[in-house]
Number of protein chains: 2
Amino acid sequence: MQAGIIGLGLIGGSMGLALQETKMFKTILGYDINPLHMQQALSLGLVDECVSLNEIQECDVIFLAIPLDGVIQTLENFHNIPSHTTIIDLGGAKEKIAHEIPSGIRKNFIGAHPMSGTEFYGPKAALKDLFKNRIIILTDLENSGEFQVAYAKEIFVSIGMRIIKMNSKEHDQHLALISHLPHVISYALANTVLSRENPQTILALVGGGFKDMSRISKSSPIMWKDVLKQNKENILKSIDLFRKEMFLAEKLIQEDRWEELKEWMAKANTLQNFM
Amino acid sequence: MQAGIIGLGLIGGSMGLALQETKMFKTILGYDINPLHMQQALSLGLVDECVSLNEIQECDVIFLAIPLDGVIQTLENFHNIPSHTTIIDLGGAKEKIAHEIPSGIRKNFIGAHPMSGTEFYGPKAALKDLFKNRIIILTDLENSGEFQVAYAKEIFVSIGMRIIKMNSKEHDQHLALISHLPHVISYALANTVLSRENPQTILALVGGGFKDMSRISKSSPIMWKDVLKQNKENILKSIDLFRKEMFLAEKLIQEDRWEELKEWMAKANTLQNFM
């Protein structure tokens, strides 16, 4: 069997490395819109060969690991793929794409979101063990072909992932809160500090707390722009919920309601029981 | 020489361990308002002996590692300390305390803030290397005695810290942005997610980004209540600056201004050049 990966960055490149370990595939083909990324992916050994977008369509399984705005456009060019082909989208927002999958390839399509990543991007960010022991959310499986579902599960289990099923609407609601909102906050915190502090102060004074809180503000703006665009309504709702908590904290501080502030922080402490 | 530590939690306990390694002190005495903490500190070997608050006053150097509201109260009870005694406050906000140090012991007093910590607290959180290679900010040194300044520097260099001097007003402004604001945000994010998601979902879905963003929401509510109280005005200003960045992001998302959103995130990316 042959696997194809479109998009050879952190996720696609790591998938190449993980698939190699399974020995399930005779060859792993890659494609990236950026020729430099194809060159890097080859020299890093992320895929066996780089080919054209047309040749990728001949693979048994095709992974899409590209910014979300490119997914539909790419799917629309998949005219003549065989009925047994499995197309797996690895993007971070699911509902909008679910509505736009060309009906002719709906059974071929599997929506999948690996709960793994780092703040780094591009082929050099790829990691062999990025997916190991991590969750993968498979969405709207009732609309995918039985073979494709079984095949995708087989692959994800082979690379060490644990499968959770969810519909794409729920996925996007949960992820807005648990992943997309934290990214917006981290970017906002980074910009707040950049607007007020000079580099020397930042270099000298930042501790572990700030480092953690700003880590994901290093993430790819191209990828995240598309995620926020495709999950716009849920993210706006999450920002609104977060704003209410910030407003409450601010009010308690402003009005010297220190015991209530302490209780508010103690409530937050309980989160650690679930993590 | 003898060292005394008041407050045997993460900071005080770690100081006990760090001081032991320097071999500068014949004995290290400890005191904590909580008898259980004294017992734990002894069995963990954080200090050599636990004594009364009165006996601590006979030490050559006395560290205060307690919630800020207790600092002034404790200092007011330091009636008869010898003129050569050095009192080092290790708290996270400096200006308010600077105004309230009893004048009789002003020369004995050193304001110090180690840029190190973890989200854990209590004696069991103490770490031998918590201060190693970290920054310590010494504040308003011009108001401290020459001997006390020299002695404090000697101690901090001995435990592997790098010294930065700053006045307490500047300290509180910088720390509001770089440390206190991130803590408020992390508590608010934790409470946002707790208000909407059930424990099972949190357990299943959280990834590295959320884990990092919520780590410091596990921090001590008692300690942080006092920090936020003592640095109230600067924190309210920082929250206001952060609100503006969040509002900008929200507006760009709401109005589908995706290219500008991408630029806003790319600006945040530049922070990593200074960290």
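**Figure 1. Helix α12(A) against helix α10(B).** In this predicted model, the axes of helix α12 (residues 258-269) of chain A and α10(B) come within 9 Å and cross at roughly 135°. Here helices are DSSP runs of H or I with at least four residues, strands are runs of E with at least two, and both are numbered from the N terminus. Axes are lines fitted to C-alpha atoms, for helices over the stretch in contact, and angles between N-to-C directions run from 0 to 180 degrees. The helices α12(A) and α10(B) are therefore oblique to each other; angles under 35 degrees count as roughly parallel, over 145 as roughly antiparallel, 65 to 115 as roughly perpendicular, and the rest as oblique. From α12(A), Trp258(A), Leu261(A), Lys262(A), Met265(A), Ala266(A) and Asn269(A) meet Pro221(B), Ile222(B), Trp224(B), Lys225(B), Leu228(B) and Lys229(B) of α10(B). Residues are in contact if their C-beta atoms, placed from the backbone, lie within 7 Å. This contact of α12(A) with α10(B) has eight nonpolar, one polar and three charged residues. Ala, Val, Leu, Ile, Met, Phe, Trp, Tyr, Cys and Pro count as nonpolar, Asp, Glu, Lys and Arg as charged, and the others, Gly among them, as polar. Residues are numbered from 1 along each chain as its sequence is written, while chains are lettered from A and ligands numbered from 1 in the order in which they are written. Local features need pLDDT of at least 70 and side-chain atom pairs count only at pLDDT 80 or more, but totals for chains, interfaces and linings use all residues.

**Figure 2. Helix α10(A) against helix α12(B).** Helix α10 (residues 221-230) of chain A has an axis that comes within 9 Å of that of α12(B), with a crossing at roughly 135°. The pair α10(A) and α12(B) is therefore oblique, and its crossing is right-handed. Pro221(A), Ile222(A), Trp224(A), Lys225(A), Leu228(A) and Lys229(A) of α10(A) make the contact with Trp258(B), Leu261(B), Lys262(B), Met265(B), Ala266(B) and Asn269(B) of α12(B). By class, eight residues of this contact between α10(A) and α12(B) are nonpolar, one is polar and three are charged.

**Figure 3. Helix α7(A) against helix α9(B).** The axes of helix α7 (residues 168-196) of chain A and α9(B) come within 9 Å, crossing at roughly 55°. Accordingly, α7(A) and α9(B) are oblique to each other, and the crossing is left-handed. In α7(A), Ile178(A), Ser179(A), Pro182(A), His183(A), Ile185(A) and Ser186(A) meet Gly209(B), Phe210(B) and Met213(B) in α9(B). Five residues of the contact of α7(A) with α9(B) are nonpolar and four are polar, with no charged residue.

**Figure 4. The side of chain B that touches chain A.** Chain B and chain A each bring 75 residues to the contact. On the side of chain B, the elements giving two or more residues are α7 (168-196), α8 (199-205), α9 (208-215), α10 (221-230), α11 (232-254) and α12 (258-269). The most comes from α7(B), with 19 residues. This side of chain B divides into 44 nonpolar, 18 polar and 13 charged residues. Of the interface residues of chain B, 100% are also interface residues in chain A, so the copies meet through the same surface. A rotation of 180° with 0.0 Å of shift along its axis superposes chain B on chain A, with an RMSD of 0.0 Å. The two copies are thus related as by a two-fold rotation axis. The superposition is by least squares on the C-alpha atoms of residues with pLDDT of at least 70 in both copies.

**Figure 5. The sheet of chain B.** Eight strands of chain B form an open sheet with mixed pairing, in the order β3-β2-β1-β4-β5-β6-β7-β8; two strands pair if DSSP finds at least two bridges between them. At the edges stand β3 (49-50) and β8 (162-166) of chain B, each with a single partner strand, so one side of each lacks a neighbour in the sheet. Strands β1 (residues 2-6) and β4 (residues 61-64) of chain B pair in the parallel sense over four bridges. Within β4(B), Phe63(B) is the bridge partner of Ile5(B). Helix α7(B) packs on the sheet, touching β6 (109-114), β7 (135-139) and β8 of chain B, and its direction makes about 140° with that of β7(B).

Technical notes:
Contact = placed C-beta atoms within 7 Å. Left-handed = near helix turned anticlockwise from the far one by under 90°.
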